[in-house]
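Hi,

Here is the structure I promised to pass on. Have a look at it first, and then read my notes below.

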Amino acid sequence: MRMKNKIKKEFSKIIMALILATYFIGIIIGAVIVFIDSAQLSVYLPYIGTATTAVIAFYLWKAKNENVMKIAKSNKNNPDIIEKVMKID
């Protein structure tokens, strides 16, 4: 069971790294295009902002869910704390 969890986390990290690499390539290409034609800046800024917001939101959601599971496992004798942690948004 432990090996499956480790593989799952590593797979998630690999996917996130690939997405991040693709994003940085897009930033470099976009910066070159904006340098050539500054009118493209209005398209470039939402590209950066949208992807950044989505990735940060996903990562925080994933980290919260993993931490809730850890807290639940470590506090089996206190079910009230699990309910309090689940209500945190």
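What follows is a short tour of what turned up.

First, the ground rules: this is a predicted model, so local features need pLDDT of at least 70 and side-chain atom pairs count only at pLDDT 80 or more, while totals for chains, interfaces and linings use all residues. Residues are numbered from 1 along each chain as its sequence is written, and side-chain values use heavy atoms, with hydrogens and water left out.

On confidence, the chain averages a pLDDT (the predictor's confidence in each residue, from 0 to 100) of 77, and 78% of the residues score at least 70. Helix 2 (residues 41-74) has the highest mean among the elements, 80, and helix 3 (residues 79-86) the lowest, 68.

The fold is quick to describe: three helices and zero strands. Helices (H or I, at least four residues) and strands (E, at least two) are DSSP runs, numbered from the N terminus. Of the 89 residues, 9% are buried; buried means under 20% relative accessible area, exposed over 50%, and partly exposed in between (1.4 Å probe, protein chains only). The chain exposes about 7,700 Å², with carbon and sulfur atoms supplying 71% of that. Those areas come from the Shrake-Rupley method with a 1.4 Å probe; for residues, only the protein chains shown count as cover.

On the surface there is a nonpolar patch made of Phe 11, Ile 14, Ile 15, Leu 18, Ile 19 and Val 55, about 540 Å² of accessible area together. (Patch residues have over 30% relative accessible area and no salt bridge; nonpolar side chains, meaning Val, Leu, Ile, Met, Phe, Trp and Tyr, are joined within 5 Å, and like charges within 9 Å.) Helix 1 (residues 2-36) gives the largest share, five residues.

A search of the whole structure finds one salt bridge, that is, a side-chain nitrogen of Lys or Arg within 4 Å of a carboxyl oxygen of Asp or Glu. Glu 66 and Lys 62 make it at 2.8 Å, N to O, and both lie in helix 2, four residues apart, about one turn.

There are also two aromatic pairs. Rings of Phe, Tyr and Trp (its six-membered ring) pair if their centres lie within 6.5 Å; planes under 30 degrees apart are stacked, over 60 edge-to-face, and the rest tilted. Tyr 23 and Phe 24 sit 6.4 Å apart, centre to centre, with planes at 55 degrees, so that pair is tilted. Phe 58 and Trp 61 are tilted too, at 6.1 Å and 35 degrees. Trp 61 is exposed at 53%, whereas Tyr 23 is buried at 14%.

Cheers
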